[in-house]
Amino acid sequence: MSNTHDTSHDTHAPSVAVSPSEARFEIVLAILVAVIFLELPVHAPAAPANLLTLLLEVPLMGALAVLFIPRQWTAIIRRFSLAVMVIELWLSAWLFHGDYSGAGYQFSQDVEWIPSLGIRYAVGVDGISYWLVLLTTVLTPISLYVSYNSVSTKIKEYAFSFLLLEVGMIGAFVSLDLFLFYVFWELMLVPMYLIIGVWGGKDRIYAALKFFIYTMVGSLLMLVAILYVVAQYHSLSGEYSFALADLLRLQLTQSEQIWLFAAFALAFAIKVPMFPLHTWLPDAHVQAPTGGSVILAAVLLKLGGYGFIRFAMPLFPYASHYLGPTLAVFAVVGIIYGAACAWVQRDVKKLVAYSSVSHLGFVMLGIFSITRGGIEGAVLQMIAHGVSTGALFILVGVIYDRRHTRDLADFGGLAKAMPIYTTIFVIVTMSSVGLPGTNGFIGEFMILSGAFVSEELSVWERVFALFAATGVILAAVYMLHAVLKMFWGPLDKKANVGLADLNHREAIALSPLVFLIFWMGVFPSSMLDTMRPSVAHFIAQYDAGWRESYSADALRLRPAPGEEPADAEGEDEGDAEGGAEARAERPAADHALAMVGGAR
Amino acid sequence: MTSLFGDWAALMPLLVLAGAGMAMLLVDAFVKENAQLGLFSAVILAGTAMVSIGLWDEQVTAATPALLGGYLASDRLALFADVAMCLGAALASLLAGGYLREHKLDRGEFYVLLVWSTLGAMALVRATDLLSLFVSLEALSLGVYCLVAFRRHSPKSAEGAMKYFLLGSFASAILLFGMALLYGATVHTDFAGMAEALRTGETGDGPTDLRLGILGMALVLVGLAFKVSAVPFHMWTPDAYEGAVTPATTFMAVVVKAATIVVLVRVFFGVFGTEMLAAETSGWPSAVFGLAAITLVVGNVAALVQKNVKRMLAYSSIAHAGFLLVGIAAAAQLDEGRLTTETVSSVLFYVLAYTVSNVLAFGSLIVVGSRGKEAVSYEDLAGVGRRHPWVGVPFTLGILSLMGFPPTAGFFAKYWILEAAVNAGGAMTYLAILAVLMSAVGSYYYLKVLVYLFMKQPEQGAPVAVPMRSGYVVAALVLSSYFVLRMGLAPTAYLELAQGASYQLAGLPDPSAQPAEPAPADEAPTEVAAAPE
């Protein structure tokens, strides 16, 4: 396998020169997009009922349309694909109209797809997935836009891949049918594989294959597990269904749950990625083009954590209760290991990639703490990580475009040459480190406080929190180390003198992210309030679920909510009360701490 | 159609194709120049598929088997197989129409052999007697031996054909020996009589010799496993696939495999579906289980190290045979002493999906090369997807479908086999896990094709593949792309066809039929379906 040819991506001209008038035009346009996005929820008419379908259709149609634009018309392809994504962004603003005061799904749609097998097209968002959809619709146009600075070959295929990727990501976040989820989950794989493999760096083929095969192994085993669950559901109820709501009624035996959870957890843990399954991530990130890295870090990795919250843990509560602390150990090891690896990297991009392993370890720890603060913090941390790591990858791309190196030793004193760049880099670094006032702080603090009082982590919860907290310190060490090497000190490398500062495109791409870093840092409650009912529902369901399996290990089907009204309601209430009682037993101090972590 | 042709209607697909085959012989003999035999045979084969579809809702009377002396049946299983095989053969002859002309091999006998082999395959899936089974199997095989040897001056082609012929004859001998033993055990050659004798233990002429019967069954399994290229009877496959001209490879991969799988289903579910022979741990399902496991492993692992794309596809077809055997083992579930056959539909759907995906992959491989520059190795594919996106797109689609990636036909095919296996429970669950792990292994060699298509460039000085131009090949690619996507996005209609076919095999009431006509047991459409009462 030789990669000697086609090194065009490595030798593109540093930042495409743009005429001032065009720059002004793009800046005005960007401001317009932002203003409309922020104003839309206030003035728009009621959202259409098929909003989520619309969100899937727009990028899909856009992708198909791109195929029919002649490849020479690169300017048109660029503008068209961006316009599609901006329309998608505006449409997603309608999601604000949903009623997230309860745990129910909003904008849900449920249509038969393959009736004979009970496969349905069921979509909906709740307080958790809605933020992840918004993250996707915000980050995708930014990553495509910033790519146009450096990707100059095969624009058509690039735009097509990004649009298709957006369909897959949004689809996976909104699916409420396991089959549909699996289809979208797999659908994301091919565009990302192409993005890494075609537009990536020197070892792109190795990285792309590794990425693909790691993910494929996990997801195929998950498919078998899904089929097993459906088979059990069929044996009890006599009908096939892949709908999450139906399958949640199924109570599996303990040993079944453990095997099935293991299969699901493998797929999701590879995606997160959790230590020790993370080895594909540094390769993929280093080889991927800037836009690909941004979307991979910001959105794709979130599907792992989301999968745990939405599918793996509610479906197999006993198994996650049984295996959760073990996985939490891996999460904590990942936090420290990722941080330690990041510390010794000389390649900035690899450093950011390992920092992702560390940050996502926090997310997993928060999820497995099963406290309100922990889970809310984990979701918040997912969004925050998406924003700040996305920004970091863009920033690394900026310097790579100018210098064609990412080695820390080649930089130094850049603050004198690129003041604006330095400012933004330091802001994003602070967010990644977790400085109060930025988004990184809120999530990590809530996760740590959640882990500190977690009952789920048995008697070791404080040890977990203690070790995880060292990850925060290490984050400061490796990030500040990188900042020190890159920006401060004398400007002694000749190549670094006179580097151009951010051009308008990079500035446009970064400014919404910087805005979000502060907005999430200062007003986290705007996000936490909407996810609270969903998280509370998740915990109640989870607690009731594992207790039920624990007290009576049996394969059975819980009655459907509407099936036997009197009976079922009584039982449901009983479950809910049981869960509430269980939580009330917690020591008051811990509860108070959880509130502190949970609320602000 | 019954009103027009009476009982002969059931034979219409065979008669149409036989008539066309004879006409083609004449055309080939008298019209030397510009005979569009490729198009002609494609149209005829597609027409035959249409006729078979037209017979779908015909109530086949008991007179039909009598008409043929009990040698052939015409049930939905056969009609379904007709559709899959005629579709595959029609697409293969379209591919041949472009390929043979491009490579200056355009001789009429190719199409004639192809049509007559398809006729053999169609008779094979209808066979309800050991004699008709053997005769039609040979009719199918002889034609295919010739097709493999079609490029007469190529040593590789001769080698592949010779290996295929010798090992094929050997397997036929084993099959025949098994049949002889079965006759000795049951004193019957017709399936219904054999099934009855094996179930009751009475031949009508003394007791059934079950030990002899089991031995015969094992030999029949070996003979058929050779034809589906299951490990360890697969040795001929890579050489024959590599040596044959690519349209002939396509034909072998889709038609021969489909016919053998269907006949395997008919014989093993129909004849050997008794409680003793089909017992989960000691009967033939466990043998099929073992064959499936080893076929999956060897097929996928051997495909990893291939340097030639055609050989890779040959090993991938072995791996797919493993998947089909998983489906058969999963479907063989005893229910009150009888085999249930609903899950055979997953095998049948797989056959259909595999047919169109394989045509797409082989067709794309054909279109990449041109005269003197046939694409065989991975290196030949380097950068083709980028230089010629309209070649790269169908190739990608075919490869993704073979890999089993949504939303393509291959995904649902694989999915339903896995679903059947998981539903069967027990050891089948482990086989399902092995199957998905092997699929993950498989994704490596399939992805390698995509890597070369899109991510590599030809070496300096290496020959650069130039895609050929041919309306025939393009038509085949467009058609098979359509089917791959259609079965991937809305598979319900095709699955219902497969379910209809599998219900009728067992003599079960067909859910799609009008509930007003309960079919009495004596009017059960096939002899195979011997009613239990």
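Is B:F483 buried or exposed? B:F483 is buried, with a relative accessible area of 16%; buried means under 20%, exposed over 50% and partly exposed in between (1.4 Å probe, protein chains only). The model is predicted: local features need pLDDT of at least 70, side-chain atom pairs count only at pLDDT 80 or more, and totals for chains, interfaces and linings use all residues. Residues are numbered from 1 along each chain as its sequence is written, chains are lettered from A in the order written, and side-chain values use heavy atoms, without hydrogens or water.

Over all chains, the whole structure holds 55 aromatic pairs. Rings of Phe, Tyr and Trp (its six-membered ring) pair if their centres lie within 6.5 Å; planes under 30 degrees apart count as stacked, over 60 as edge-to-face and the rest as tilted. B:W236 and B:Y241 pair edge-to-face, because their ring centres are 6.5 Å apart and their planes at 65°. B:W236 is buried at 3% relative accessible area. B:Y241 is buried at 1%. B:Y482 and B:F483 also form an edge-to-face pair, with centres 5.3 Å apart and planes at 65°. B:Y482 is partly exposed at 46% relative accessibility.

One aromatic cluster draws on chains A and B. Its members are A:W113, A:F179, A:Y182, A:F242, B:F349, B:F411, B:F412, B:Y415 and B:W416.

Charges also sit over rings (NZ of Lys or CZ of Arg within 6 Å of the ring centre and within 35 degrees of the ring normal). The charged end of A:K271 lies over the ring of A:W185, 4.8 Å from its centre. For B:R107 over B:F150, the distance is 4.5 Å.
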